[in-house]
Amino acid sequence: MNKLTIIGSGFSAGVFSRSINDKDIIIFDKSRGPGGRSSTRRAENIGAFDHGLQFISPKEKKFELFLNNYLNSFIKQWDGDHICFEESRKIEGKKYIGKSGNNDFVKNLINTKVYYQKELISIKKIKDFWLLDFKDGTKNECEKLVLTIPLEQCKKLTETEQLDLKFEGVMEPNLTTMVAFDKNLKISGSGFKFNNNSILGWVANESSKLREANNPNLELWTLQSSLIFAQKNIQEYRLKKEQIMDLMINEFMSIFNIKNINIVHKDIHGWLYAYKLEKFENDFFWDQEINLGICGDWMCGSTAESAWRSATGLADQINKS
């Protein structure tokens, strides 16, 4: 039995593992590697696409200090103009990215043992410990349990525990297309946010991030969908990948009047639980009687800074208790 178990290896888990005083910690995650929505998709001979979290733009001084304390060697500022398209207005503020990919944020925060491809299917409180059952048939016991997973997954796992916690609202989906062109598109701007487009919500020039892994003979773009487009297509996108990618790419090319260019690579990823529009009633949840904690960006916002606020709040509460 270990002292504390964390479920999930995203940004919240990384922040929490750095902020908690307990040292006997292990992490379980159903994915193949760390990052959660702070993920990077790498394509051989093409380059790196940040297909989840695009950048981190600190608002609170304490958050920027946290990033510099723990990640200074692994992150850099993303230069160039970032623009609200319809308003032709620059998006101000520092924008930090990982030097090799945005999963740098998480893999360099987590400082404890992580077991990957371990999908948790149930939790049960037995006297003074938690019993965890995994899809592969294995079990784990721990004194304290912290969930850093999406709202819907937390709700499903904890429904038998009758917690004093109202899981209101839902997390929204997103579809992300990654595309590489055979030459420079000559678009002035590193990233564009769309407020009124029915297909696209954000596009980013990955080549402008100047990463060593990016093929210098290509131009890489990440295209993230509008909420309406994702809600309409998320459930069936695996069956209609080519159609959905083409819709997003053609919209992008139409907006920027791109012609006579070849696509040398394209891929798509669907995020069923990308973000939550409404804030939760608490920044985090901690029940000392049963030693169960929950944190994540969905509890107090939709950004990496929200995840930091939630995770540090929970860690401080447990450290005090």
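In which helix is Ser17 found? Ser17 sits in helix H1, helices here being DSSP runs (H or I) of at least four residues and strands DSSP runs (E) of at least two, both numbered from the N terminus. The model is a predicted one, so local features need pLDDT of at least 70 and side-chain atom pairs count only at pLDDT 80 or more, while totals for chains, interfaces and linings use all residues. Residues are numbered from 1 along each chain as its sequence is written, and side-chain values use heavy atoms, with hydrogens and water left out.

Back to Ser17: with a relative accessible area of 4%, Ser17 is buried, a label that means under 20% relative accessible area, against over 50% for exposed and in between for partly exposed (1.4 Å probe, protein chains only). Leaving aside residues up to four places away in sequence, Ser17 touches Ile6, Leu109, Ile110 and Asn111; a contact means heavy atoms within 4.5 Å.

Now for the whole protein. It has seven helices and 19 strands, and its C-alpha trace spans about 65 × 40 × 35 Å along the principal axes. A compact globule of 321 residues would have a radius of gyration near 20 Å, and the protein, at 20 Å, agrees with that. This radius is taken over C-alpha atoms, and the globule rule is 2.2 Å times the number of residues to the power 0.38. Of the 321 residues, 55% count as buried. Among contacts with a separation of 6 or more, 70% come from residues 24 or more positions apart.

Helix H7 (residues 304–320) has 17 residues and should span 24 Å at 1.5 Å a residue, which agrees with its end C-alpha atoms being 24 Å apart. The expected span is 1.5 Å times one less than the number of residues. In H7, 12 of the 17 residues are buried, so the helix is largely enclosed by the rest of the structure. Among those buried are Trp308, Leu314 and Ile318.

Leu220, for its part, belongs to strand E16 (residues 219–225). Leu220 is buried too, with a relative accessible area of 0%. Its contacts, not counting residues up to four places away in sequence, include Ile46, Phe49, Val179 and Ala180. Ala180 and Leu220 are 40 residues apart in sequence, yet their C-alpha atoms are 4.4 Å apart in space.
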